[in-house]
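Let's take a friendly walk through this protein model, one spot at a time. Have the sequence and the 3D view ready as you read.

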Amino acid sequence: MSEDLSRTPAPSALDPHPDRARESGGRASLWLAVLSAALVATMVGGTAGAAAAWLLMRGAGPAAYSVKVVPSSTEEVVTAAAAAAVPSVVNIDVSGASTGTADPDLPPGHPEAPRRGNGSGVAFQSAPNGGTYVLTNDHVVQGASEIMVRDADGEAHTATVVGTDPERDVAVLLVDARLPLVEAGDSKSLRVGDLVVAIGSPFGLAHTVTAGVVSALGRSLPEFENEQGYPLVDVIQTDAAINPGNSGGALVNRAGRLIGLNTAIYSDSGASGGIGFAIPAHIALRVAEQLIAGETVERPFLGIVGTTVTKELATERGLPVSEGALVGEIVGGTGAEKAGIQPGDVVVRVDGTTIRSFDDLILAVRRHSVGDEVTLGLYRKGKLIEVEMTVGQKPADLGSRTPSGEPTKTP
């Protein structure tokens, strides 16, 4: 099972021509990299000066070691949350070589320009050598040759990449300095309506604080898929304002504890429309621990390639249900093959969870760990049966041997 996220360069405050916008049937577009440090081509002449100004528009935040948590009895809940978490949030500047694609805003024949961008991160763990590990998004640092982290005191530190997981859009950086660490919250216990605070560097404005609520949980976004067809699933939705540069920043609860990693927004314009998404902290931190340890990142996987059942598809194929996940092919050597799952099966339940679409199946699998035993309720030749199987690890080379045919998703 996979959860690939595309890593489209983000539109900047200066660039009205984002490289790739994912349109969704005339509705608002989902911008992953609109939050990112997605590297933006530096323009010539007056635009170059404006780009430099945009990148430098960051003020020193509160002193990293002098900020005190406001007592929980205060009525200023957002103030308390910000005071606790702001010292741990960093601004990330990245630069890298041009991709080789001609920039439409540069004169014809102009040499390719280096790319620069801005994002956010959060210090979450001390390193054995006296440094600090910083959590951010993979799309913030992807392709970067130089990474500079600026802490809440305004001090700049060179950062190196410890590891990345593009499928979950998580990356870990290491800086050679002691930074205040964020405290982890319980993202599994969030409720719709809970107060949340987003902290990051929108448009390069370091340590900006916005507040809102948890709008929805376990969100699955089938409209957003990468080239392999994997959607963004199991994310927190919030109306706290999130804008370009917020990617990798902290989403915290009223106590200032980390409960999410800001990563995407729905928007008509690429700026905040009140619909933002964050990777739950318990997922991001688990991946980060595996990256630091040099372990293979766990990717729960069944080995089923398939598609969502619709009324039209059910009529065309003579299926017994109009909702569910239709199995198209089985990846060899996986749990699905060992359990005897067959093409044409329609999965409608995983343990006690109802499956109405293939994205539901991906979400249900992702919430398990490799080695878990699950029971699939599925229709086979019109009869509802149960099949027990073991959740496996996604093969590292799956991308190079994805089965062909109509089905496009693989949990």
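We begin with A84, which sits in helix α2 (residues 77–85); helices (H or I, at least four residues) and strands (E, at least two) are DSSP runs, numbered from the N terminus. This is a predicted model, in which local features need pLDDT of at least 70 and side-chain atom pairs count only at pLDDT 80 or more, while totals for chains, interfaces and linings use all residues. Residues are numbered from 1 along each chain as its sequence is written, and side-chain values use heavy atoms, leaving out hydrogens and water.

With a relative accessible area of 23%, A84 is partly exposed (buried means under 20% relative accessible area, exposed over 50%, partly exposed in between, with a 1.4 Å probe and protein chains only). Now look for G256: A84 and G256 are 172 residues apart in sequence, but 5.1 Å apart in space, C-alpha to C-alpha.

Next, find the rings. The structure holds 1 aromatic pair, formed by Y266 and F277, with 6.0 Å centre to centre and 70 degrees between the planes, which makes it edge-to-face. Rings of Phe, Tyr and Trp (its six-membered ring) pair if their centres lie within 6.5 Å; planes under 30 degrees apart count as stacked, over 60 as edge-to-face and the rest as tilted. Y266 belongs to strand β13 (residues 258–267) and F277 to strand β14 (residues 276–280), so the pair ties together parts that are 11 residues apart in sequence. Both Y266 and F277 are buried.
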